[in-house]
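Trainee: I have a protein model open and would like to learn how to read it. Could you go through it with me, one question at a time?

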Amino acid sequence: MPPAPYDACEKKAARVSSQSLVRYRGTDYSVPTAYGHREVVIRGYVHEVVISCGAAMIAHHPRSYEREGFVFDPLHYLALLERKIGALDQAAPLVGWDLPEEFATLRRLIEARMAKRGKREFVQVLRLLEVFRLEDVLAGVREAIARGVIGFDAVKHLVLCRIERRPPRLDLTV
């Protein structure tokens, strides 16, 4: 018997494109923008595709069998969108990203309060999804809207309070 179990997949070396995509069997899969132009290893399983750079797994996607298709993870592009905020409304990776309605409400409130800076603030709220679970961020967004504290710092504080199980300390007297 071999010393380790057999990994039943096809392994392929590839280079990440300038759009943070790697191609596997005719379909493009996204990776975080920090890995642009780097060498990666793609492991294609029957139901998923796993992409690694060095010893770190940087992305995994459900396997797509359609030709010339794209499989995006919107979280992979948020760091870039934070810098290039003008592309937020036209970003292809965000098309079809089904977020709860409270996120759209928060975006409208932030943009009404902060104008153009509000888009960047909203992307910062979305970037909390890179670290925290959707349920926790959604609860923070709901509570921020209910309390009338519209902004990234407030949402992050409320999410951390929820995770740490402590009461929020938001002084609204100022």
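Predicted model: local features only at pLDDT ≥ 70, side-chain atom pairs only at ≥ 80, totals over all residues.

Trainee: Which side chain makes a polar contact with the side chain of Asp-28?

Mentor: Let's look at the surroundings first. Not counting residues up to four places away in sequence, Asp-28 touches Leu-21, Val-22, Arg-23, Gly-69, Phe-70 and Val-71. For a polar contact, we need N or O atoms within 3.5 Å. At 2.8 Å, the side chain that makes this contact with Asp-28 is that of Arg-23.

Trainee: Over how many bridges do β2 and β3 pair?

Mentor: Strand β3 covers residues 27-30, and its pairing with β2 is antiparallel. One of the bridges has Val-22 with Tyr-29 of β3 as its partner. For the pair β2 and β3, the count of bridges is four.

Trainee: Which strands stand at the edges of the open sheet of three strands?

Mentor: The order in this sheet is β2-β3-β7, and the pairing is mixed. An edge strand has a single partner, so one side of it is left without a neighbour in the sheet; here the edge strands are β2 (21-24) and β7 (69-71).

Trainee: What does the twist average from one strand to the next?

Mentor: Picture stepping across the sheet in the order β2-β3-β7. From one strand to the next, the twist averages 25 degrees.

Trainee: What percentage of the residues in the chain count as buried?

Mentor: Cys-53 is buried because its relative accessible area is 11%. Cys-161 is buried too, with a value of 2%. Across the 174 residues of the chain, the buried share is 40%.

Trainee: How many disulfides are there?

Mentor: The two sulfur atoms must lie within 2.5 Å of each other. For Cys-53, the nearest cysteine sulfur belongs to Cys-9 and is 17 Å away, and Cys-53 is in no disulfide. For disulfides, the count comes to zero.

Key:
Residues numbered from 1 in each chain as written. Heavy atoms only, no water. Pairing = 2+ DSSP bridges. Helix = DSSP H or I, 4+ residues; strand = E, 2+ residues; numbered from the N terminus. Axes fitted to C-alpha atoms, helices over the stretch in contact; angles between N-to-C directions. Polar contact = N/O pair within 3.5 Å; in protein donor to acceptor, adjacent residues only side chain to side chain. Contact = heavy atoms within 4.5 Å. Buried < 20%, exposed > 50% of the residue type's maximum accessible area, 1.4 Å probe, protein only.
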